[in-house]
Amino acid sequence: MSVYAYSARTITGEEKSLADYEGLVLLIVNTASRCGFTSQYRELQKLYDTYRDRGLEILAFPCNQFANQEPGSEEEIQNFCQTNYKVTFPLFSKVKVKGADAHPLFRYLTDKAPGLFGKEIKWNFTKFLINRRGEVVKRYAPQTSPKHLAKAIERLLEEKV
């Protein structure tokens, strides 16, 4: 089992299989526009600009489960990300990342990489690093700055599939 078994709706409403990203290093992040960590979009975009051509893909999943910090519509979220942070990596539709209604992808991610609260995600901007085989390598806490993931990303980019 790998992340490639899952699919999700993009922010523009298309169903997207994660198998489309097979062979790439993935960084999957639950995001929010009104969070104290929202400025991490800037660092995520910098990582994307630096490593995209080498095989990194960042997948952002907006979530409104934490203090209602992502209340906007899909269009508002997309406009916010592009206007304020010039985001060019894929944005997906709003999902739930914890609880009984959690998106199956996030149930899988938290099962493979439990965190401080076990299989629960504690806040926005929890990050999951995925290798080129679609396996969860590591989970990073919301307060971990994306720039601190660069070395781990580089190591995974150098691995052969």
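Student: Helices here are DSSP runs of H or I with at least four residues, strands are runs of E with at least two, and both are numbered from the N terminus; so which helix holds Tyr108?

Tutor: Tyr108 lies in helix α3, which covers residues 104-112. This is a predicted model, where local features need pLDDT of at least 70 and side-chain atom pairs count only at pLDDT 80 or more, while totals for chains, interfaces and linings use all residues. Residues are numbered from 1 along each chain as its sequence is written, and side-chain values use heavy atoms, with hydrogens and water left out.

Student: Is Tyr108 buried or exposed?

Tutor: Tyr108 is buried, with a relative accessible area of 7% (buried is under 20%, exposed over 50%, partly exposed in between, with a 1.4 Å probe and protein chains only).

Student: What does Tyr108 touch?

Tutor: Leaving aside residues up to four places away in sequence, Tyr108 touches Met1, Ser2, Val3, Tyr6, Gly134 and Val136, where contact means heavy atoms within 4.5 Å. With Met1, the side chain of Tyr108 reaches the backbone oxygen at 3.2 Å.

Student: Switching to α4, which residues are buried there?

Tutor: In helix α4, residues 150-158, the buried ones are Ala150, Ala152, Ile153, Leu156 and Leu157. Seen down the axis of α4, they fall within an arc of 160°, so they line one face of the helix; the arc is that of the directions from the helix axis to the C-beta atoms.

Student: And what is on the other side of α4?

Tutor: Lys151, Arg155 and Glu158 are exposed there.

Student: What do the buried residues of α4 pack against?

Tutor: They pack against helix α1 and the elements β3 (25-31), β4 (56-62), β5 (127-130) and β6 (136-140).

Technical notes:
Polar contact = N/O pair within 3.5 Å; in protein donor to acceptor, adjacent residues only side chain to side chain.
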